[in-house]
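Hi,

Here is the structure I promised to send over. Have a look first, and my notes follow below.

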Amino acid sequence: MSELTLRAVIARNARRQRLIGLLAAGLVALLALSILLGRYPAPGLMPWSRLQEDELAARLVLNLRIPRLLAALLLGMTLSAAGMVFQLLFSNPLVEPGFLAVSPGAAFGAAFAIVLLGGGALMTQASAAAFALAGLGFSYLMARRLRFGGWVLRLVLAGIAVSALFSAGVGLLKYIADPLTQLPEITFWLLGSLASITWPKLLSVLPAVVLGLGIVLLFRWRLNVLSLNEETAFSLGAAPNRERLVLIVAAVVPTAALISISGMVSWIGLIVPHITRRLFDADTRFGLPATMLIGGIFTVLCDNAARVLLAGEIPLGILTSLLGALIFLGLMTAQQFRSQP
Amino acid sequence: MTRDPQALLAFQDVTFGYSPNRPPVLERVNFSLRAGRVLAIVGPNGAGKTTLLALALGWLRPWQGDVLLAGRALRDYRRAERGRWLALVPQSEHTPFDYTALEYVLMGRAPHLPPLGIPGPADYEIAMDALARAGIAALAHRPVPQLSGGERQLMLLARAIAQQPRLMLLDEPTAHLDLHNKARLIQIMRHLRAQGMTLVMTNHEPDVVLAVADDVLLMEAGRPPVFGRLDEAFTEDTLSRVYHLPIRLVEVNGRKQVVWT
């Protein structure tokens, strides 16, 4: 009996590994196709030969499409991984990476830069990133000062309160913004888009993203242990508070960096971990790498639709919310299914 | 109190409270437990049983006094090292995620892995074996949220077995169990003791204590606890005093039972 079960487990782990390999191959193929997909010279795929003949096409691909694709890929990977980390650490399948005042902080930072600091691209990015991290830091400090409940509950409460402060700030800034120039800019930023990604923008966030995702991946099995309640994690030789803090920072810093160049792109961090758990079960040893790949695929697909479907750009955040919410409703109402060992 | 060189776990004048504004929950607790024995911590609600267990785990630190593990202060142990010495079987645990019982038990291997390590085939084997020893090998692939309270309790015990500790701390291990599973748990605990494991459990059920404990720590709010061998400390007198009830010990079919009126 035990012998048999053990073999079944090893076979299942091998199957999960193969599925991850398949997802990675699918992602690479999708990226290759997406390079050729666009509205130049005509909506659809451009032939490969065109890249050699047409200098404009080559420059377009190199300077616009490739950085944008990479940004979509990293955004999807990061939001999904951060979402999974947060859902596990807070034992709550409904939290998403922005909820510790990170997204509202970024929104406030962007609006602040647009209304009061002149609204240059670099300034907006820097301000959004700074306020996103300030949101996390402020939540953390407040959580430490709260004299109520366990560590997790305190962080959640502090995050909710600080988020509300920033949201109020965004409302105020919108109210005083110039309705003809600044207000539309804030609105577009809040809808999220990768239309203005350039190599310098992408490179400016790359180190934080690579470092953060690398640390998160190293914790891929450990995350299971850290999701247990504090005393149990402690009894298993972990330093729950310290290790959780490391993971939260490793997940939030790349999130803040990417939001600062993409604007608000919601639902990815919530829905992709759910899809992953349906395919890979709860164990994050396989779940974390898988959710990064699925998040990458989902976001690249959404961004392809955002830039190709209409002659004008569709804000990415609208598409991810629409699709994410639809999938979420589908998952919630569908017959519960599990992959059998 | 003289120091027992053979003690695995020793409390020396341990005083602890949750708030400096309130009187301590435990005051000057002294006992020393030898390896290979089962200690039952008994007492009414609010006497500090679970607190004492958390102090033995190192999760709470005493205000005064020392908790010694194998003659060394518990706070001097490194985290992973402590995880290889001590395992905790909590009363209950909640997870919203569909871990299988085997994946859950596998987490008991954490202190044996290098930092950020990932369990290998040998760890899966140990986890499988632990499930079998807890009598729930058939549940290995069942999702944890679908297990009954009793099954979950046995799974938490299996995780502690997979941790291969020398001292196991159990918080009300029979609380969610029906009669059959209770008998099974007593059997497993005896089996673990036979293999040299030391066990400390809090327990409300005198029949469980009488069936498996070697030593007893009787706790009473506001008084120093009584520590001793089962037949010395677990008497009609001490029990009646601790629970404020006239309690009698009677023998039925060669087994002692607690009767109260």
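Let's start with chain B: residues 24 or more positions apart account for 65% of its contacts with a separation of 6 or more (two residues are in contact if their C-beta atoms, placed from the backbone, lie within 7 Å).

Before I go on, some housekeeping. This is a predicted model, where local features need pLDDT of at least 70 and side-chain atom pairs count only at pLDDT 80 or more, while totals for chains, interfaces and linings use all residues. Residues are numbered from 1 along each chain as its sequence is written, with chains lettered from A and ligands numbered from 1 in the order in which they are written.

Back to chain B, which has nine helices and 12 strands (DSSP runs numbered from the N terminus, H or I of at least four residues for helices and E of at least two for strands). The C-alpha trace of chain B spans about 50 × 45 × 35 Å along its principal axes. Of the 261 residues in chain B, 43% are buried, meaning 20 or more other C-beta atoms, placed from the backbone, lie within 10 Å of the residue's own.

How is chain B divided into domains? Domain 1 takes 1-70 + 166-261, and domain 2 takes 93-164; these bounds come from an automatic or database domain assignment. The C-alpha centres of the two domains of chain B lie 26 Å apart. Where they touch, domain 1 of chain B gives eight residues and domain 2 of chain B gives nine. On the domain 1 side, helix H6 (residues 179-194) of chain B supplies the largest share, three residues.

H3 (residues 55-89) of chain A has 35 residues and reaches 50 Å from first C-alpha to last, close to the 51 Å expected (1.5 Å times one less than the number of residues). H3(A) bends by about 35 degrees at A:Val61, the angle between axes fitted to the seven residues ending there and the seven starting there. Just after H3(A), A:Ser91 has a positive phi of about 45 degrees.

The other is H11 (residues 240-262) of chain A: 17 of its 23 residues are buried, so H11(A) is largely enclosed by the rest of the structure.

Cheers

Definitions and conventions. Buried ≥ 20, exposed ≤ 12 C-beta atoms within 10 Å, placed from the backbone.
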